[in-house]
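Subject: Structure handover

Hello,

Here is the structure you asked to take over. My notes on what was found in it follow below.

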Amino acid sequence: MKFFVDTANLEEIKDVQALGILDGVTTNPSLMAKEGIAGDENVLKHYKDICDIVSGDVSAEVISTEFDGMIEEGLKLASLDPKIVVKIPMISEGIKAIKHLTSLGIKTNCTLVFSAGQAILAAKAGATYISPFIGRLDDTNVDGIGLIHQLTSIFQIYGFQTQVLAASIRNSLHIVRCAEVGADVVTCPAKTIHGLFNHPLTDIGLEKFLADHAKMNKS
Ligand code: G3P
């Protein structure tokens, strides 16, 4: 399972990159706004800066909601760096744009996926990734992990190459549950990845090992 970090914050990306386990980055307009990135030139430069940090795929989202605009933005984004994946919303114009960009050899990530039907449409259009938002589904009393499981099963039956990229991850257990049901990728904030380290028995055990070593090696 690949680990992507879901942020536009360069320090947060560097932090996970330093662990040596980072496979890519996802961003969205809300995450860009959180970093105060505005204006076409600044946005494009920021994506370049992210690409300079990581070696894997970097999802950059279009703002247009109609086909022509999505294609124009998608081509501009894709020309920045081969790592760029054009992120496109799950709407009918988006499906047409995914189909077109895929035919040009451009990677796509279909975002705002909340149902198996939507995911099937995106896979048939040839999306490189689909992003089901599991935390936001959980918020509505729908089992987000259940959707990931449903999608990995369907994609396996039909041999779809589209990768299931679990997004809107809210806690470390979500990551483990995604691994259990075969998600191809999880994208999460750095703090959620760091949460995987936590176990009190590790802390207690390490403290004891160091204390015993210190006891026997007094100078
Ligand atoms: O990048 C999309 C997704 O991960 C958003 O997560 O926490 O805003 O639901 P969240």
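**Strand pairing around E7**

Tyrosine 129 stands opposite glutamine 163 in E7. Before going further, please note that this is a predicted model. The pairing to which these two residues belong joins strand E6 (residues 129-132) to E7, in the parallel sense and with two bridges. E7 also pairs with E8, again in the parallel sense and over two bridges. There, alanine 166 has valine 186 of E8 as its bridge partner.

E7 itself covers residues 163-166. Gln163 and Leu165 point one way from the strand, while Val164 and Ala166 point the other way. All of these residues are buried.

Strand E4 spans residues 84-89, and six of its six residues are buried.

E4 has a parallel pairing with strand E3 (residues 57-61), made over four bridges. E3, H4 and E4 make up a right-handed β-α-β unit.

E4 pairs with E5 as well, in the parallel sense and over four bridges. Lysine 87 is set opposite asparagine 109 of E5. From E4 the chain passes through helix H5 (residues 92-103) to E5, a β-α-β crossover that is right-handed.

**Alanine 125**

Alanine 125 is part of helix H6, which runs over residues 116-125. Why does alanine 125 count as buried? Its relative accessibility is 7%, and buried means under 20%, so alanine 125 falls in that class. Apart from neighbours within four places in sequence, alanine 125 is in contact with Ile95, Ile98, Lys99 and Thr102. Asparagine 109, the E5 residue opposite lysine 87, is 16 residues away from alanine 125 along the chain, and the C-alpha atoms of the two are separated by 11 Å.

The largest pocket holds about 460 Å³ of space. It is lined by 27 residues, and those closest to its centre are Asp6, Asn28, Leu31, Arg136 and Ser168. Helix H2 (29-34), strand E5 (108-113) and strand E8 (185-188) are the elements that each give two or more residues to this lining. H2 gives the most, with four residues. By class, the lining of the largest pocket splits into nine nonpolar, nine polar and nine charged residues.

What is the volume of the second largest pocket? The value is about 350 Å³. The lining of the second largest pocket comprises 17 residues, and Asp40, Val43, Glu61, Ile63 and Glu73 lie nearest its centre. At least two lining residues come from each of H2, helix H3 (40-53) and helix H4 (67-78). H4 gives the most to the lining of the second largest pocket, with five residues. The classes here are nine nonpolar, three polar and five charged.

Two of these elements have come up before. H4 is part of the β-α-β unit with E3 and E4, and E5 is a parallel partner of E4. H2 is named for the largest pocket and also for the second largest pocket.

**Whole chain**

The chain has 219 residues, of which 46% count as buried. Its secondary structure amounts to eleven helices and eight strands. Along the principal axes, the C-alpha atoms fill a box of roughly 70 × 40 × 30 Å. Among contacts with a separation of 6 or more, 56% are between residues 24 or more positions apart.

Regards

Notes:
Residues numbered from 1 in each chain as written. Predicted model: local features only at pLDDT ≥ 70, side-chain atom pairs only at ≥ 80, totals over all residues. Heavy atoms only, no water. 1 Å grid on protein atoms, 1.4 Å probe; cavity = no way out; pocket = protein on both sides within 12 Å on 5 of 7 lines; lining within 4 Å. Points joined across faces, edges and corners; volume = space filled by probe spheres on them. Nonpolar A, V, L, I, M, F, W, Y, C, P; charged D, E, K, R; others polar. Buried < 20%, exposed > 50% of the residue type's maximum accessible area, 1.4 Å probe, protein only. Pairing = 2+ DSSP bridges. Right-handed = clockwise from strand over helix to strand, strands pointing away. Contact = heavy atoms within 4.5 Å.
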